[in-house]
Amino acid sequence: MSDHIAKPEELSKIDYKPGKKPWLDASFEFHKGTYSYGSNPQSVKSLGLPYARAFNPANQDWQLPENWKEIIHEGLRDRLKKYRSLQVFMDICVRCGACADKCHFFLGSGDPKNMPVLRAELLRSVYRRDFTAAGKLLGRLAGGRELTPQVIKEWYYYFYQCTECRRCSVFCPYGIDTAEITMMGRELLHLLGIGIDWVTTPAANCFRTGNHLGILPHGFKDSVEFACDDLEDLTGVRIEAPINKKGAEVLFVVPSADYFAEPHYYGFLGYLALFHEVGLDYTFSTYASEGGNFGLFHSSEMMKRLNAKIYAEAKRLGVKWIIGGECGHMWRVLHQYMDTMNGPADFLEEPVSPITGTRFENARSTKMVHICEFTADLIHNGKIKLDPSRNDHWRVTFHDSCNTSRGMGLLEEPRYILRNVCNHFHEMPENTIREQTFCCGSGSGLGNDENLEARMRGGFPRASAVRYVHEKHDVNLLCCICAIDKATLPTLMDYWVPGVQVGALHELVANALVMEGETRSTDLRQQPFANQEDSKDA
Amino acid sequence: MNALLAALAVGVLFAIVLFGVAGANLQFVFGVVVPYGAVALFLLGFAYRVLKWAGSAVPFRITTTCGQQKTLPFLKNDNLENPHNLIGVVGRMALEVLFFRSLFRNTKAKLKEGGRLVYGRDKWLWAGAVAFHWTFLIVLLRHLRFFAEPVPSFVLALQSLDGLFKIGVPVFYFTGAILLASVTYLFLRRVVIPQLSFISLMADYFPLFLIMAIAGSGILMRHFYKVDLVAVKQLTMGLIRFQPEIPDGIGFLFFAHLFFVSALFAYFPFSKLMHLGGVFLSPTRNLAGNSRQRRHVNPWNYAVKTHTYEEYEDEFREVMRNAGLPLEKAE
C-alpha cells in the first residue's frame with residue numbers, strides 16, 4: 001500500500017459542509033492520491049485515437065489542440081442529438097439535492113463537487129451558457145459559465161472521481177443518471193486526447209490480445225492448464241477445460257482477472273469444478289478471453305469495438321449460446337448494450353440448460369446467461385450435491401456489485417446460491433445492499449495505485465457497512481461477483497476492516513460441491529474444512 | 001445572493017404590474033395581451049422542448065433497475081421496480097409521476113463517532129414535494145371555475161372537499177395554505193441546508209418566489225382585499241372565448257395575480273420547470289429492463305473498427321501452433 005495515505009482515523013474525519021462561496025466561484029486543485037495518471041500515448045495511438053501525447057494532469061499546460069473549444073462544442077452538440085438521456089438530464093434537474101449524500105465519493109470525501117448534482121453541473125453549466133436561450137442571454141445569472149482550460153481540468157478530476165455506479169439515479173425523482181453524464185464527459189475529453197491510462201491501456205491490450213491484461217494465447221492456455229492441475233491437487237479429480245473448441249455447446253467468457261489474480265482465481269477454480277461436475281459441453285476462447293470491457297469506461301465506440309469479439313467468436317466456434325462469469329461492469333455491457341451494439345445474435349440458439357432443460361427466456365435475444373442464473377437453476381433442480389458445512393469456517397456477507405444490481409437486477413440469484421452453499425450468511429444494513437448497494441470505490445477504471453486515497457475514501461461507505469456485520473456477526477468473508485471488487489476490495493478491507501477476506505461466489509459453490517471421485521479435506525485456499533476439525537459453530 | 005437576486009426579480013415584476021395597472025391604467029395590456037402572450041409562449045415553448053427531446057435518439061436501454069429482474073421462475077420478479085413489460089413500465093411511471101416513488105426512498109446519511117456511516121429515513125423532502133405538487137394541481141383545477149360556465153361538477157366537488165370544514169366566509173381552502181406552506185419549506189431548505197445553498201442557482205429560487213407571490217396574492221384576494229369575482233369571471237370567460245373585454249371595477253390585486261401567473265407560464269418552457277415534461281422521457285425510468293429478452297435497436301448504430309479473429313490469428317499463429325491451439329489457417 002502506498003505510504004502517502006493518511007491513517008483511517010484521519011481519513012474518516014469528513015466535513016460535509018461546503019464553502020460559503022457559490023460553487024461557480026469555488027476553485028479546485030489536483031490533490032495527490034486522488035487522481036489517475038494520463039494515458040500512455042502508445043496505447044492511444046494503437047487504438048487509432050487522436051491527439052496522443054504524454055500527459056501529466058499535474059502539469060499546468062495540457063497542450064490542448066488548437067481548436068479544442070470547437071471540438072468540445074461539436075462533440076457535445078453531437079451527443080445531445082444521439083443521447084436523449086444527456087439532452088433530458090441537461091435540462092430537467094431541479095437541484096433538489098436528493099442525490100447529494102447518496103454518492104460514495106461525497107460520503108467519503110465531503111468534497112461538494114462530488115455531489116452527483118454538482119458533478120453534472122460541471123457539464124451543465126457549460127451547456128447552459130452555450131446551448132440554451134436563457135444561458136446565452138443571461139450568462140452567469142442563468143447558471144452558465146465559460147468553457148475554459150480550467151473547466152477541462154475540473155472535468156478530468158471529477159469525471160474520474162465517479163465510478164458510474166448509478167446509485168444516485170436510484171434516488172433521483174427523474175432518474176437522472178450521473179453515469180450517463182460521466183460517460184459523456186469522458187467521451188468529450190477523449191476527443192482532446194485526454195484519458196486515464198488505467199482505462200486506455202487495458203482497452204488497447206484487450207483490442208489486440210483479447211483481454212485487458214495482454215495475455216497472449218499460449219499464456220491463456222498455460223493459465224487454464226495450471227488451474228486444472230491445481231484443482232486436481234485440491235480435489236483429486238482430473239478435469240479438462242477445452243479452449244477454442246469448435247462445436248461446443250456453450251462459449252464461456254470470464255473477466256481476465258479470473259484466471260490471473262487472487263482471489264478471483266478461486267472463483268475460476270469454482271467454475272471449472274462445477275462445469276466438470278455437471279458435464280457441461282463448453283469452451284473457452286483465447287480471442288474472446290475477456291468479458292470485462294474497459295471500453296465502457298472510455299467511450300461507447302470503444303465499448304462496441306471490444307465487445308464485438310464475443311459474438312464473432314461464438315459464431316466462429318459454432319456454439320449454441322454463451323455463459324458469462326462473475327463480473328459487474330461486464331454484465332452491464334452484456335445486459336444493456338451488447339445485443340443492441342453487436343447483435344442480433346441470430347446465429348445462436350435460445351439458451352437452454354442442457355442439464356436441467358430450463359429455458360432462459362430472459363436471455364432469449366442476447367443468448368447470454370449469467371453464471372449465477374445458470375448455477376441457481378442447477379441448485380433449484382437438485383442437479384448438484386452440496387455440503388454447505390464445508391464453508392462453515394466462513395461467515396459471509398454479500399456485496400452486490402453496482403452494475404449487476406442497478407443495471408440488471410440480479411439480486412436474488414446470488415443470494416439463493418449463497419443460502420445453499422454456506423450456513424452463515426449475514427446481510428449488511430438494508431440501505432447498503434441490493435439496488436442501494438455502495439460501490440467498492442474503484443470501479444470504472446479508477447482502481448489504480450496512484451488514486452489510492454480517492455479509492456479508500458470512495459470505498460468508505462461500503463467498508464463501514466462491512467465493519468458493521470464484521471463486529472455484529474463476526475463476518476470474515478466479503479463475497480462478491482465482480483472482478484473489480486475482487487481486485488480492489490482486499491485493499492479496502494485491509495485499510496478499513498482488517499480481518500475480512502474477499503471471495504468469489506463460485507469459490508463457495510466449489511467448496512460446497514460434492515464431486516464424484518473427490519478426495520479432499522481443504523477448501524480451494526487449502527484451508528481445512530470446518531467440519532474436519534472442531535467447529536466453533538457446531 | 002442568488003436568492004436575493006431572485007427575490008428582486010419578482011419584486012421587479014410586481015413593480016411592472018403596479019406601474020402598468022395602477023399607474024398607467026394599462027388594464028387591457030395586463031388583462032389580455034400579457035396572458036395571451038404568456039400562454040402562447042408556454043404552449044409553443046413546451047411543445048418545442050418536448051419535440052427537441054423526442055428528436056434525440058434513445059440508443060440503449062439504460063433502465064436503472066431497482067428490484068429483482070425477471071429470470072428463473074422460482075425467483076419473483078419485481079415488475080414495478082424492474083419492469084420487464086409495458087404494464088410494469090406504466091406502473092413504474094405512474095408511481096414515479098403521481099407519488100414520487102424515487103424521492104420516497106430518500107435517506108439521510110450521518111457520520112457517527114468512530115467513523116461509522118448510518119442512514120436514516122428522510123421523508124421531509126418527499127412530503128414537501130408531494131404536498132406542493134398535489135396542492136398546486138388542485139388549486140389549478142379549482143380555477144377551472146373561472147373558465148367554464150356552468151362550472152363542471154368535478155370542480156365543484158373539489159371545491160367542497162377542499163373547504164370541507166367550512167371555516168370562514170368565503171370558505172377557506174386548505175390547498176392554498178398548504179401550497180404556500182410547502183413552497184416556503186422548499187425555499188427554506190435551500191437556505192438552511194449548506195449543501196443545497198451551495199448548489200442553488202437564481203433559477204432555483206426564482207420560481208419558488210414567483211409561486212409564493214401567486215399563492216399569496218390569491219389568498220389575499222380571496223380573504224382580505226376582495227376583488228369583484230363576477231367581473232373577474234367576465235374577463236376570464238372573455239379570454240377563453242377569444243372575445244376579450246376588461247370589465248370595470250376589478251381590483252389591482254387581481255392584475256398582480258394574473259401577471260405573476262403569466263410570468264410563470266412564460267418562464268416555464270425556458271426553465272427547470274420543464275421537469276414536468278421531462279420526467280416522462282427519462283430513459284432510466286421509462287424503459288423496461290428486459291434488454292436480453294427483447295433486442296433494442298440503436299438508430300445510429302454504425303460499424304466500428306474491430307480486431308477480427310483473422311487478424312488475431314495472423315499475429316499470434318506461431319505461438320498458438322506451438323501451444324497446440326487449433327488454427328483456422330495452417331499459415
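Author: In chain B of this predicted model, residues 24 or more positions apart account for 63% of the contacts with a separation of 6 or more. The elements of chain B are 13 helices and two strands. As for overall form, the radius of gyration of chain B is 28 Å, whereas a compact globule of 331 residues would have one near 20 Å. Along the principal axes, the C-alpha atoms of chain B fill a box of roughly 100 × 50 × 45 Å. Of the 331 residues in chain B, 37% count as buried.

For chain A, the account concerns its division into domains. Domain 1 of chain A comprises 8-30 + 56-194, and domain 2 of chain A covers 204-532. Between the C-alpha centres of these two domains of chain A there is a distance of 33 Å. Their contact draws 19 residues from domain 1 of chain A and 22 residues from domain 2 of chain A. On the side of domain 1 of chain A that touches domain 2 of chain A, at least two residues each are supplied by α1 (8-11), α5 (104-109), α9 (167-171) and α10 (178-191) of chain A. The element that gives the most to this side is α5(A), with five residues.

Note on methods: Residues numbered from 1 in each chain as written. Chains lettered and ligands numbered in written order. Predicted model: local features only at pLDDT ≥ 70, side-chain atom pairs only at ≥ 80, totals over all residues. Helix = DSSP H or I, 4+ residues; strand = E, 2+ residues; numbered from the N terminus. Rg over C-alpha atoms; globule rule 2.2 N^0.38 Å. Buried ≥ 20, exposed ≤ 12 C-beta atoms within 10 Å, placed from the backbone. Contact = placed C-beta atoms within 7 Å. Domains from an automatic or database assignment.
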